[in-house]
Amino acid sequence: MADRLDTPLTRRRRLPRINLQSEGVGRVAEAIARFSGTPQFLVYLSVFVFAWLGWNTWAPESMQFDKAELGFTALTLMLSLQASYAAPLILLAQNRQDDRDRVTAEQDRRRAERNLADTEYLTREIAGLRQALNDVATRDFVRSELRELLAEINRDKPSDNESELL
């Protein structure tokens, strides 16, 4: 059957497609970036470089694979390759950390807004309670009113001598 011009060509994929936006790729990049910033990595890299230099300097001529006369070209290329991969991995890890920080900051902002709203609500409630309590007679107020009434009754009550005269 002949290919039609109005249908797209289909190509067979021989290799599986890798999703480079996946969380797993990001976690691996962060792990590599974290490890490449540790003292342990620096020690391993230094041992590797010294072993490389030592082997290619003092080993028998027939066993040397990177000549000192050529400036250790293979070592330079390997270190350049490592640096060219390390820089983007570090940037990827920083971008992911920035995204996490942005989400955390947004959550903190929302939490702060909720706390502020709750605090304002509680402040209004406390102010309302204070106003309501000003209208309520307290125990001391009632006692003072009763004392005044008792004193007034005692003033208005005729004494025993006055009641005998009447």
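Helices, of at least four residues, and strands, of at least two, are DSSP runs numbered from the N terminus. The model treated here is predicted.

**Exercise 1. The elements**

Solution. 

**Exercise 2. The protein as a whole**

Task: Describe burial, contacts and surface for the protein.

Solution. 
- Step 1. The protein has 166 residues, and 11% of them count as buried.
- Step 2. Take the contacts between residues at least 6 apart in sequence; 45% of these join residues at least 24 apart.
- Step 3. The accessible surface is about 15,000 Å², and carbon and sulfur atoms account for 60% of that area.

**Exercise 3. H2 against H3**

Task: Work out how helix H2 and helix H3 are oriented, and which residues meet between H2 and H3.

Solution. 
- Step 1. Two packed helices are described by the angle between their axes and the distance between the axes.
- Step 2. For H2 and H3, the axes come within 11 Å and the crossing angle is roughly 160°.
- Step 3. Angles over 145 degrees count as roughly antiparallel, so H2 is roughly antiparallel to H3.
- Step 4. The crossing in which H2 passes H3 is right-handed.
- Step 5. On the H2 side, Phe41, Leu45, Phe48, Val49, Trp52 and Leu53 take part; they meet Ala74, Leu75, Met78, Leu79 and Gln82 of H3.
- Step 6. Sorted by class, this contact of H2 with H3 holds 10 nonpolar residues, 1 polar residue and no charged residues.

**Exercise 4. Phenylalanine 72**

Task: Locate phenylalanine 72, describe its phi, and decide whether phenylalanine 72 is buried or exposed.

Solution. 
- Step 1. Phenylalanine 72 sits in the loop between helix H2 (39–58) and helix H3 (73–135).
- Step 2. Most residues other than glycine have a negative phi.
- Step 3. Phenylalanine 72 is not a glycine, yet has a positive phi of about 50°.
- Step 4. Buried means under 20% relative accessible area. The relative accessible area of phenylalanine 72 is 16%, so phenylalanine 72 is buried.

Note on methods
Residues are numbered from 1 along each chain as its sequence is written. This is a predicted model: local features need pLDDT of at least 70, side-chain atom pairs count only at pLDDT 80 or more; totals for chains, interfaces and linings use all residues. Side-chain values use heavy atoms; hydrogens and water are left out. Buried means under 20% relative accessible area, exposed over 50%, partly exposed in between (1.4 Å probe, protein chains only). Axes are lines fitted to C-alpha atoms, for helices over the stretch in contact, and angles run from 0 to 180 degrees between N-to-C directions. Angles under 35 degrees count as roughly parallel, over 145 as roughly antiparallel, 65 to 115 as roughly perpendicular and the rest as oblique. A crossing is left-handed if the near helix is turned anticlockwise from the far one by less than a right angle, and right-handed if clockwise. Contact means heavy atoms within 4.5 Å. Ala, Val, Leu, Ile, Met, Phe, Trp, Tyr, Cys and Pro count as nonpolar, Asp, Glu, Lys and Arg as charged, and the others, Gly among them, as polar. Accessible areas come from the Shrake-Rupley method with a 1.4 Å probe; for residues, only the protein chains shown count as cover.
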